[in-house]
Amino acid sequence: MAVDREQFKRLLKEKGLKVTNQRLMVLEALAACPDKHLTAEEIYEMVKADYPEIGLATVYRTIQLLLELHLIDRINLDDGFVRYEIGNVGLGTAKHHHHHLICKSCGKVISFKDDLLEELEEKITMTTGFHVMDHEVKLYGCCSECGGKID
């Protein structure tokens, strides 16, 4: 997934924020791994390969900024690490949920991109007046490599 650099620069300027190489590189590192769930340290190592003078604290501050701008998502996969992925709300793109399938045997995480909860969210709004703004689904089981495949 490519990042629209110019659109990202415009967004930063609209918010009164500086456009920096570090910010661009952190967002691009996440965009380069759309199906991965990276820790801050993994993002740091990726960016550091091309930009050795970057510090881990800068990566953490940039991650926080990208979270506030709703460009990336923070996820917890119950493995003791806080992980990040390119967000559902991109630079001008529509929000679409994806969920995570977590193998209890090997720990593999699979992103599942079909959103079957939209109808439920609409029903909740209609019956209760409660507007669902977001949701997160983690399903635990056994992947096909670990014997989860039904023959």
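1. Confidence in this predicted model, expressed as pLDDT (the predictor's confidence in each residue, from 0 to 100), is lowest in strand 4, at a mean of 84, and highest in helix 3 (residues 40-50), at 96. The mean pLDDT of the protein is 85, and 89% of its residues reach 70 or more. Helices (H or I, at least four residues) and strands (E, at least two) are DSSP runs, numbered from the N terminus.

2. On conventions, residues are numbered from 1 along each chain as its sequence is written, and side-chain values use heavy atoms, with hydrogens and water left out. Because the model is predicted, local features need pLDDT of at least 70 and side-chain atom pairs count only at pLDDT 80 or more, while totals for chains, interfaces and linings use all residues.

3. The axes of helix 1 (residues 5-14) and helix 2 (residues 21-31) come within 11 Å and cross at roughly 130°, the axes being lines fitted to C-alpha atoms, for helices over the stretch in contact, with angles from 0 to 180 degrees between N-to-C directions. Helix 1 is therefore oblique to helix 2, given that angles under 35 degrees count as roughly parallel, over 145 as roughly antiparallel, 65 to 115 as roughly perpendicular and the rest as oblique.

4. In the contact between these two helices (heavy atoms within 4.5 Å), Arg5, Phe8, Lys9 and Leu12 of helix 1 meet Arg23, Leu24, Leu27 and Glu28 of helix 2. The residues of this contact divide into four nonpolar, no polar and four charged; Ala, Val, Leu, Ile, Met, Phe, Trp, Tyr, Cys and Pro count as nonpolar, Asp, Glu, Lys and Arg as charged, and the others, Gly among them, as polar.

5. Two residues other than glycine deserve a look at their backbone: His70, in the loop between helix 4 (56-68) and strand 1 (72-76), has a positive phi near 60°, and Asp78, in the loop between strand 1 and strand 2 (82-86), has a positive phi of about 60°. Most residues other than glycine have a negative phi. His70 is exposed at a relative accessible area of 53%, whereas Asp78, at 47%, is partly exposed (buried means under 20% relative accessible area, exposed over 50%, partly exposed in between, with a 1.4 Å probe and protein chains only).

6. Leu116, in the loop between strand 4 (109-112) and helix 5 (118-128), counts as exposed because its relative accessibility is 64%. Helix 5 itself is hardly covered, with one buried residue among its eleven, and is followed by Gly129, whose phi is positive, near 80°.
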